[in-house]
Amino acid sequence: AEVAYNLLQKIPQSQRASGSISYAEASILLDLNRYPEVFGVLQRIWKADGMTPEFSQEALHAFLSEFVSKDLDLAPFLPIYKEFIAAYPSNFDAHLDLQSLLYMLDKPSERQAQLVRMTELFPTGHPELWNALFQNFISREKFDEVYKYFPQAIKQYPKEGSLYLFKSLAEETSGELERARETALQGIAQTDTTETEVIGDLYGQVGDICAMQEKYTEAIAAYEESIKLNGKNPNVLNNYAYFLLGLEQPAVIEKAVRMASKAVALQPGEFRFLDTYGFALFLQGDYLQAEIYLRQAIERAEATLKE
């Protein structure tokens, strides 16, 4: 890399202003761990001769990915992306990189503002922006923000079931169980029938809420419909298994064991699933296997707390 950089210095300055040469220079500097100089090149690379907005964004994204993989400081990318977006405000991928960058830099308020801006700039074809925004609100327990933006989101994507799911989750977490159930049912009615996975998630949400409301018949019906639509959702399988175990009816224990086992197979490292499976095995009388999975659950839970 040192030899390559020395050769690069011999190229006339006028020729080094091209995009391809600038890209090569930044790559070599990255290999040499000369990170401040990398950013010096990146600040001008997208302005270089022959660099289209699309290629410039791809170049910035490539270097951002390299810095992420090397666990390096990402903060210097912020002014570069902001300047680039100011020059090319319609470049969706650059906006997407910026919101990811804000997430990795743990700037939730700035990320929220960026996602809101993106929903306004790109009002069609990107429901995932609303999903990310609502997830951001729920993780920060800003449930009123979900309710505030929900009408706007549904106006853009009236058949997007995931939006109803996020609103229902916010209502459930707020303790508004009946409202949460109604929202999930509304989502089932409004979602395009081809979106079976999302509808399955909504039925799973109805099952969870009915279980909390002690509406056992309705809970079983909702869980069964969810599994019929998508039998590979580990959360639904786990929650249904745990619900059945709570009924304390010997006739359903075997079914609970099967579902809990499948949830663990789909997501082996999740301590909640290991715990449910261990509990199910215990109630089935398989004490040795139960101890193994319950110990694994404790180990995974402790490791998760340390992360």
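K228 is exposed, with 65% relative accessible area; here exposed means over 50%, buried under 20%, and partly exposed in between, using a 1.4 Å probe and protein chains only. This is a predicted model, in which local features need pLDDT of at least 70 and side-chain atom pairs count only at pLDDT 80 or more, while totals for chains, interfaces and linings use all residues. Residues are numbered from 1 along each chain as its sequence is written, and side-chain values use heavy atoms, with hydrogens and water left out.

K228 pairs with E225 in a salt bridge, with 3.5 Å between the closest N and O atoms. The term covers a side-chain nitrogen of Lys or Arg within 4 Å of a carboxyl oxygen of Asp or Glu. Both residues sit in helix α13, three residues apart, or about one turn of the helix. (Helices are DSSP runs of H or I with at least four residues, strands are runs of E with at least two, and both are numbered from the N terminus.) E225 is partly exposed, because its relative accessibility is 25%.

Helix α13 also holds S226, which counts as buried because its relative accessibility is 1%. Leaving aside residues up to four places away in sequence, S226 touches G200, Y203, G204 and V236, where contact means heavy atoms within 4.5 Å.

## Other salt bridges

The whole structure contains 14 salt bridges. One of them joins E291 and R295 at 2.9 Å, N to O. These two residues lie four apart in helix α17 (residues 287–306), again about one turn of the helix. E291 is partly exposed at 40% relative accessibility, whereas R295 is exposed at 52%.

E270 and R272 form another salt bridge, their closest N and O atoms being 3.3 Å apart. Here E270 counts as buried, since its relative accessibility is 17%, and R272 is partly exposed at 35%. Elsewhere, K167, E171, E176 and R179 are linked in a salt-bridge network.

The largest pocket holds about 360 Å³ of space. A pocket is found on a 1 Å grid over the protein atoms alone, as an open set of points with protein on both sides within 12 Å along at least five of seven lines; a cavity is a set where a 1.4 Å probe fits but cannot get out, and lining residues have an atom within 4 Å of a point. Grid points are joined across faces, edges and corners, and the volume is the space filled by probe spheres set on them. Of the 16 lining residues, L165, L169, Q205, D208 and N235 are closest to the centre. Helices α8 (127–139), α10 (161–173), α12 (196–212) and α14 (234–246) each give two or more residues to this lining. By class, the lining has five nonpolar, eight polar and three charged residues; Ala, Val, Leu, Ile, Met, Phe, Trp, Tyr, Cys and Pro count as nonpolar, Asp, Glu, Lys and Arg as charged, and the others, Gly among them, as polar.

The second largest pocket has a volume of about 260 Å³. Its lining has 14 residues, with A211, Y223, N239, Y242 and F243 nearest the centre. Two or more residues come from each of α12, α13 (216–229), α14 and α16 (271–284), and α14 supplies the largest share, five residues. This lining has seven nonpolar, four polar and three charged residues.

## Confidence in the model

The protein chain has a mean pLDDT of 92, with 93% of its residues at 70 or more; pLDDT is the predictor's confidence in each residue, from 0 to 100. Confidence is lowest in helix α1 (residues 2–9), with a mean of 67, and highest in helix α11 (residues 177–190), at 98.
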